[in-house]
Structure formats: structure tokens, C-alpha cells
Amino acid sequence: MPTILITGANRGIGLALVKSFAKDGWKIHACCRNLERAKKLKAVSGDITPHKLDVTDKLKVESLARGLADEPIDILVNNAGVYNTREGFGSTDYEAWTEMLAVNTQSPLRMVEHFADLVARSERKVIANLSSRLGSISAVEKGGSYPYRTSKCALNMVTKLLSVDLADRGITTIALHPGWVQTDMGGEDADIDVEKSASGLRSVLERADPSQNGGFFNYDGAAISW
Ligand SMILES: NC(=O)c1ccc[n+]([C@@H]2O[C@H](COP(=O)([O-])OP(=O)(O)OC[C@H]3O[C@@H](n4cnc5c(N)ncnc54)[C@H](OP(=O)(O)O)[C@@H]3O)[C@@H](O)[C@H]2O)c1
């Protein structure tokens, strides 16, 4: 069976992706920063190996990549993310912004820098960054949420650059919008439940091929403009 590595796998969209892929026998490396609190993840049955990983921890990312060095990874999903301040213009929380850039923008790149060789050795060779429509410049209608939106906008640029840098190794790199999803981050008023998002994302991930390299896709497969 193919192998998938997912960050932020203990709750929300990451956990729902684990459940979906596990049901069909995929081999899963499920990364989360606090294994002791990952009860829901541990309750999922399947070929799942949990790993303790704070994605901002450079040494832990390096050592996990070294530990998995013999293992091809078909799909790498950079899902871990934070949205820890929603203040508007005039109330920007600059510390929270720094954390968001570290988790949402820099960590996906760091993960790819360490895991690209393992992805390149796999059959499918797919890297997906969980972005957000809120990171699309062309979709801006309302102001506000500068920290989160810039962190995802910059992640989109990271994705596009990776699509160029990794193309000659056969790797397809894409950005994904999961929908507005009922998770701790999305809140209970969000449009769709986590299962619907994960099932759509899974189809997009499984269908991803080099013709989509450098694209930005909604969970239903529709292309999103940057
Ligand atoms: N929900 C939405 O409507 C929505 C919309 C657009 C995009 N997204 C994106 O989709 C992704 C998943 O969102 P979600 O709704 O599932 O969020 P969530 O329910 O808040 O879960 C976030 C996950 O990221 C993990 N995480 C945060 N910082 C981390 C770090 N430094 N190292 C490792 N893991 C870390 C969390 O771990 P802990 O449990 O340890 O905190 C948790 O597992 C995010 O990238 C988010 O920006 C979500």
C-alpha cells in the first residue's frame, strides 16, 4: 500500500485524513506535537505510526526524516496550522503573527527540505500544503486577519516555488483549500463538516499528477486563483 505522512494529525482535518486513508489500508505516518494528548488518533485502527513532531522544531524534523530514510513517502501533507489572532486593522498582534509565519509558512518548507528525497523515491510523488482561500490575493473582498492571511499567502508562494524546484524530480506540489470546515479552527458555524472536507481532499490528493504541479485547489477539486 502507498504511504502518506500527515502533520497535525491529532485533531481537525489532519485526524479526519488519517481516518479516511487508514480505512483503505494506507500506511500512515501521523505526526502530532503532543502524543500524550493524541487519544483520538491512537483510537483509529489501521497501519498508523504516530510520531511526536512540533513542526517548528528543526532538530525533530531532521531526526524524523533521518529515521524514515529507507521509506518512500507517496504523499506528504503539510496540514499543521494555527490561526491564533483574528484582530483587525489597528490591533495587530505581532507576536502571534510571528508564530503563524513559523508554523504556517516556514515549517511546510522545512518539512519539504527534509522529506523531498523520500517523496522523490515514491511512486506517487505528491506534496500538498494546506493553505486557505483566505491566502488568495484575488479573493480579497473584506479586510482584516493580516497575520493569518499573509502566512497562507506566503505559503502559496512557497508552494509555487517548490513546484519549480522539485519538478525535475517528478514531484507534484500543490496548495489546497479544505473549505470552511467545522474544526476548532473553523468553528461550529463553518460550512462543511470535517468528513466532507477530508473526503474531498483525499480525492484531490489521490488524483494529483504532474499536470497539476504548482496549482491551488479547493477540496472539491476546483482550481482557485492565487
Ligand atoms: N478549518 C478551516 O475552516 C480551515 C480553512 C482553511 C484552511 N485551514 C487549514 O487547514 C489546516 C488544518 O486546520 P484545522 O481546521 O484542522 O485546524 P485545527 O483543528 O485547529 O488543528 C490544527 C492542527 O495543527 C496542529 N499544530 C499547530 N501548531 C503545530 C505545531 N507547531 N507543530 C505541530 N502541529 C501543530 C495542531 O496540534 P495541537 O493539537 O497540538 O495544537 C492540530 O493538530 C491548517 O493548516 C489550517 O490553516 C483550515
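Colleague: In a left-handed or a right-handed crossing, how does helix 4 pass helix 5?

Modeller: A crossing counts as left-handed if the near helix is turned anticlockwise from the far one by less than a right angle, and as right-handed if clockwise. Here helix 4 passes helix 5 in a right-handed crossing. Please note that this is a predicted model, in which local features need pLDDT of at least 70 and side-chain atom pairs count only at pLDDT 80 or more, while totals for chains, interfaces and linings use all residues. Residues are numbered from 1 along each chain as its sequence is written, and side-chain values use heavy atoms, with hydrogens and water left out.

Colleague: At roughly what angle do the axes of helix 4 and helix 5 cross?

Modeller: Two packed helices are described by the angle between their axes and the distance between the axes. Axes are lines fitted to C-alpha atoms, for helices over the stretch in contact, with angles running from 0 to 180 degrees between N-to-C directions. The axes of helix 4 (residues 94-120) and helix 5 (residues 146-165) cross at roughly 15 degrees and come within 8 Å. Helix 4 is therefore roughly parallel to helix 5; angles under 35 degrees count as roughly parallel, over 145 as roughly antiparallel, 65 to 115 as roughly perpendicular and the rest as oblique.

Colleague: Which residues in helix 4 meet helix 5?

Modeller: Contact means heavy atoms within 4.5 Å. Helix 4 contributes residues including Trp 97, Met 100, Leu 101 and Val 112, which meet residues of helix 5, among them Tyr 146, Tyr 148, Leu 155 and Leu 162. By class, this contact has 13 nonpolar, 4 polar and 1 charged residues. Ala, Val, Leu, Ile, Met, Phe, Trp, Tyr, Cys and Pro count as nonpolar, Asp, Glu, Lys and Arg as charged, and the others, Gly among them, as polar.

Colleague: How do the axes of helix 3 and helix 4 cross?

Modeller: The axes of helix 3 (residues 58-67) and helix 4 come within 10 Å and cross at roughly 5 degrees, so helix 3 and helix 4 are roughly parallel to each other. In helix 3, Lys 58, Val 61, Glu 62, Leu 64 and Ala 65 meet Arg 110, Met 111, His 114, Phe 115 and Leu 118 in helix 4. The classes at this contact are 6 nonpolar, 1 polar and 3 charged residues.

Colleague: What is the crossing angle of helix 1 and helix 6?

Modeller: The axes of helix 1 and helix 6 (residues 194-207) cross at roughly 65 degrees and come within 9 Å. Their crossing is right-handed. The contact involves residues including Ile 13, Leu 17 and Phe 21 of helix 1 and Val 194, Leu 201 and Leu 205 of helix 6.

Colleague: Is Ser 145 buried or exposed?

Modeller: Buried means under 20% relative accessible area, exposed over 50%, partly exposed in between (1.4 Å probe, protein chains only). At 12% relative accessibility, Ser 145 counts as buried. Ser 145 sits in the loop between strand 5 and helix 5, and has a positive phi of about 50 degrees although it is not a glycine. Lys 23, in helix 1 (residues 12-23), is exposed at 69%.

Colleague: How many helices and strands are in the protein chain?

Modeller: Helices (H or I, at least four residues) and strands (E, at least two) are DSSP runs, numbered from the N terminus. The protein chain has 6 helices and 7 strands, in the order β-α-β-α-β-α-β-α-β-α-β-α-β from the N terminus on.
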